[in-house]
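Visitor: I would like to go through this structure with you. Could you show it first?

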Amino acid sequence: MLIAVLPITAIAQTNEQKNEARRQYYYNYSNWTVGIGSGLSAMFGDFSTFSYEKFYPAPIGSVSVGYQMNPTVGFTIEGYYGRNRIGALAANRDNYLNTNGFRADGGIDPLTGATFLKYGDLYSDVKLLQGRLGVDLNLSNIFGGNRGEQMRRLSVIFSPSWYLQYYRPCVFQKSNDARYTSRDLFYQVTNALGAELALRLRVSRIIDLQFKGGGAYGFNKKFDGIAGDKKTNILAYAQAGIIFKLSGKTKRDN
């Protein structure tokens with residue numbers, strides 16, 4: 001009887017140790033993080049980063065605050081600032097633009113006789129302020145399990161997100177860089193929906209490195225400085241950054 005009980009007791013103790021390790025992993029981590037990131041962005045509308053004439057690289061930076069509810073689910077609030085230069089597409093470079101920002105039917109204003117320029121003779125400079133609220137889903141834990149025996153060095157995080165965007169575009173002439181559109185009609189705060197996919201590398205209890213890409217479909221049809229009916233109102237971006245885990249020195253992991 002005693003010989004049979006001892007192995008069962010040993011197995012129970014081993015299982016309890018494993019469960020305790022998993023509980024430590026699941027609860028003993030730093031909930032709050034602060035992150036910074038920088039990278040490149042691209043815009044796609046009536047004007048685009050990938051214009052018919054050239055590619056306009058555009059910087060975008062961000063600061064984020066994250067809350068980790070558990071090792072699988074977290075939330076991030078992030079603010080972005082970007083500056084983009086965008087130009088005409090091959091398909092619309094011969095269209096004419098009215099100085100009020102709307103597409104013109106021809107090269108001459110029938111009311112004033114003023115001459116309009118083609119999209120291909122113009123470019124737009126766009127300032128962007130953007131906020132993001134994302135739900136962070138750790139795919140590595142969802143599909144790989146929450147292992148307490150060892151720290152996960154690499155995690156893949158998917159973040160469905162809601163964006164609040166403020167675009168400030170202005171259209172200029174290529175020939176002399178003079179302003180072309182005459183009125184500031186297009187400054188407004190609008191919503192966007194999108195997502196991010198991040199690859200996060202654990203360096204220490206305090207620091208993670210992160211590489212991510214994201215995209216947002218916006219409901220602002222004037223973000224590029226042209227009040228057209230273009231339905232492709234997209235911002236895409238890629239960034240590298242550092243995540244600082246608050247209270248990381250006193251916690252097991254994040």
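Visitor: Which elements give two or more residues to it?
Guide: Those elements are β1, residues 32–44, and β3, residues 58–68. Val-63, for instance, has its place in strand β3.

Visitor: Which residues of β3 are on the covered face, and which on the uncovered one?
Guide: The covered face of β3 holds Ala-58, Ile-60, Ser-62, Ser-64, Gly-66 and Gln-68. Pro-59, Gly-61, Val-63, Val-65 and Tyr-67 form the uncovered face of β3. In a regular strand, side chains alternate between the two faces of the sheet.

Visitor: How many bridges join β1 to β3?
Guide: There are 10 bridges between β1 and β3, and the two strands run antiparallel. Thr-33, for example, stands opposite Gly-66 in β3.

Visitor: And how many join β3 to β4?
Guide: Strand β4 covers residues 73–88 and is joined to β3 by 9 bridges, again in an antiparallel arrangement. Ser-62 has Tyr-80 in β4 as its bridge partner.

Visitor: Changing topic: what is the strand order in the open sheet of 3 strands?
Guide: The order is β6-β5-β7, with antiparallel pairing. β6 (103–104) and β7 (117–118) stand at the edges with a single partner strand each, so one side of each has no neighbour in the sheet.

Visitor: What joins β5 to β6?
Guide: Strand β5, residues 96–97, is joined to β6 by 2 bridges, and the two run antiparallel. Leu-97 has Arg-103 in β6 as its bridge partner.

Visitor: On to charges. How many salt bridges are there?
Guide: The count comes to 8 salt bridges. One of them pairs Lys-118 with Asp-94, with the closest N and O atoms 3.8 Å apart. Lys-118 lies in strand β7 and Asp-94 in the loop between β4 and β5, so this pair ties together parts that are 24 residues apart in sequence.

Visitor: How accessible is Lys-118?
Guide: Lys-118 has 27% relative accessibility and therefore counts as partly exposed.

Visitor: What about Arg-132; where is its salt-bridge partner?
Guide: Arg-132 forms a salt bridge with Glu-196, the closest N and O atoms being 3.2 Å apart. Arg-132 is in strand β8 (residues 122–138) and Glu-196 in strand β10 (residues 188–202), so the pair links parts 64 residues apart in sequence.

Visitor: Are Arg-132 and Glu-196 buried or exposed?
Guide: Both Arg-132 and Glu-196 are buried. Glu-196 has a relative accessibility of 4%.

Visitor: Which salt bridge does Lys-212 form?
Guide: Lys-212 also pairs with Glu-196, and here the closest N and O atoms are 3.1 Å apart. Lys-212 lies in strand β11 (residues 207–218) and Glu-196 in strand β10, so this pair ties together parts 16 residues apart in sequence. Lys-212 is buried, at 8% relative accessible area. Through shared partners, salt bridges join Glu-78, Arg-132, Glu-196 and Lys-212 into one network.

Visitor: Finally, what is the mean pLDDT?
Guide: The mean pLDDT is 86, and 81% of the residues reach 70 or more.

Visitor: Where does pLDDT stay under 50?
Guide: That is the case over residues 1–6, for which the model has 0 contacts beyond four places in sequence. Where pLDDT is low, the predicted coordinates should not be read in detail.

Notes: Residues are numbered from 1 along each chain as its sequence is written. This is a predicted model: local features need pLDDT of at least 70, side-chain atom pairs count only at pLDDT 80 or more; totals for chains, interfaces and linings use all residues. Side-chain values use heavy atoms; hydrogens and water are left out. Helices (H or I, at least four residues) and strands (E, at least two) are DSSP runs, numbered from the N terminus. pLDDT is the predictor's confidence in each residue, from 0 to 100. Contact means heavy atoms within 4.5 Å. Buried means under 20% relative accessible area, exposed over 50%, partly exposed in between (1.4 Å probe, protein chains only). Two strands pair if DSSP finds at least two bridges between them. A salt bridge is a side-chain nitrogen of Lys or Arg within 4 Å of a carboxyl oxygen of Asp or Glu.
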